[in-house]
Amino acid sequence: MYVTADHALCLIDQALSTGRDAGSLRAAIREAFASNAPVEHIATRARTSIHDVLTVVNEMYAGRADH
């Protein structure tokens with residue numbers, strides 16, 4: 001399924017507003033990054049730092065580097 005960057009950023013808002021677990025927020029951050037949303041926008045929406053966003057993104061690729 002293709003998700004636009006705007007929709008992916010809204011998923012971050014939903015994860016925060018509904019008080020979902022940290023895993024849901026991390027998934028929303030990864031989806032936003034994969035949808036080419038600017039990292040600065042992702043960090044702002046997730047109420048976190050750019051460093052933290054990049055850490056989540058790096059975790060996404062960490063499993064692939066082993067193969």
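Q: Hi! Which residues of α1 meet which residues of α3?
A: Hello! On the α1 side they are L9, C10, I12, D13 and L16, and on the α3 side they are H41, I42, R45 and A46. Keep in mind that this is a predicted model.

Q: Okay, and how do the axes of α1 and α3 lie: roughly parallel or roughly perpendicular?
A: The axis of α1, which covers residues 5–17, crosses that of α3 at roughly 20°. Angles under 35 degrees count as roughly parallel, so α1 and α3 are roughly parallel to each other.

Q: Within what distance do those axes come?
A: The axes of α1 and α3 come within 9 Å.

Q: Is that crossing left-handed or right-handed?
A: Right-handed, as α1 passes α3.

Q: Let's stay with α3. Which residues there are buried?
A: In α3, the buried ones are V39, I42, A43 and A46. They cover an arc of only 95° around the axis, so they sit on the same side of α3.

Q: New topic: where is S35?
A: You'll find S35 in the loop between α2 (22–34) and α3 (39–46).

Q: Is S35 buried or exposed?
A: S35 has a relative accessible area of 9%. Buried means under 20%, so S35 is buried.

Q: What does S35 touch, leaving out residues up to four places away in sequence?
A: With those left out, S35 touches V3, T4, A5 and A8.

Q: And what lies 2.9 Å from a polar atom of the S35 side chain?
A: That would be the backbone oxygen of E31.

Q: What about N36, is it buried or exposed?
A: N36 is exposed, with a relative accessible area of 67%. Like S35, N36 is in the loop between α2 and α3.

Q: What is phi for N36?
A: Phi of N36 is positive, about 65°, although N36 is not a glycine.

Q: Why point that out?
A: Because most residues other than glycine have a negative phi.

Q: Which residue just after α3 takes a positive phi?
A: R47 does, with a phi of about 55°. R47 is also a residue other than glycine.

Q: Where is R47 found?
A: R47 belongs to the loop between α3 and α4, the helix that spans 50–65.

Q: Last one: is R47 buried or exposed?
A: The relative accessibility of R47 is 69%. Exposed means over 50%, so R47 counts as exposed.

Notes. Residues are numbered from 1 along each chain as its sequence is written. This is a predicted model: local features need pLDDT of at least 70, side-chain atom pairs count only at pLDDT 80 or more; totals for chains, interfaces and linings use all residues. Side-chain values use heavy atoms; hydrogens and water are left out. Helices (H or I, at least four residues) and strands (E, at least two) are DSSP runs, numbered from the N terminus. Buried means under 20% relative accessible area, exposed over 50%, partly exposed in between (1.4 Å probe, protein chains only). A polar contact is a pair of N or O atoms within 3.5 Å; within protein, one must be able to donate a hydrogen and the other to accept it, and residues adjacent in sequence count only if both atoms are side-chain atoms. Contact means heavy atoms within 4.5 Å. The arc is that of the directions from the helix axis to the C-beta atoms. Axes are lines fitted to C-alpha atoms, for helices over the stretch in contact, and angles run from 0 to 180 degrees between N-to-C directions. Angles under 35 degrees count as roughly parallel, over 145 as roughly antiparallel, 65 to 115 as roughly perpendicular and the rest as oblique. A crossing is left-handed if the near helix is turned anticlockwise from the far one by less than a right angle, and right-handed if clockwise.
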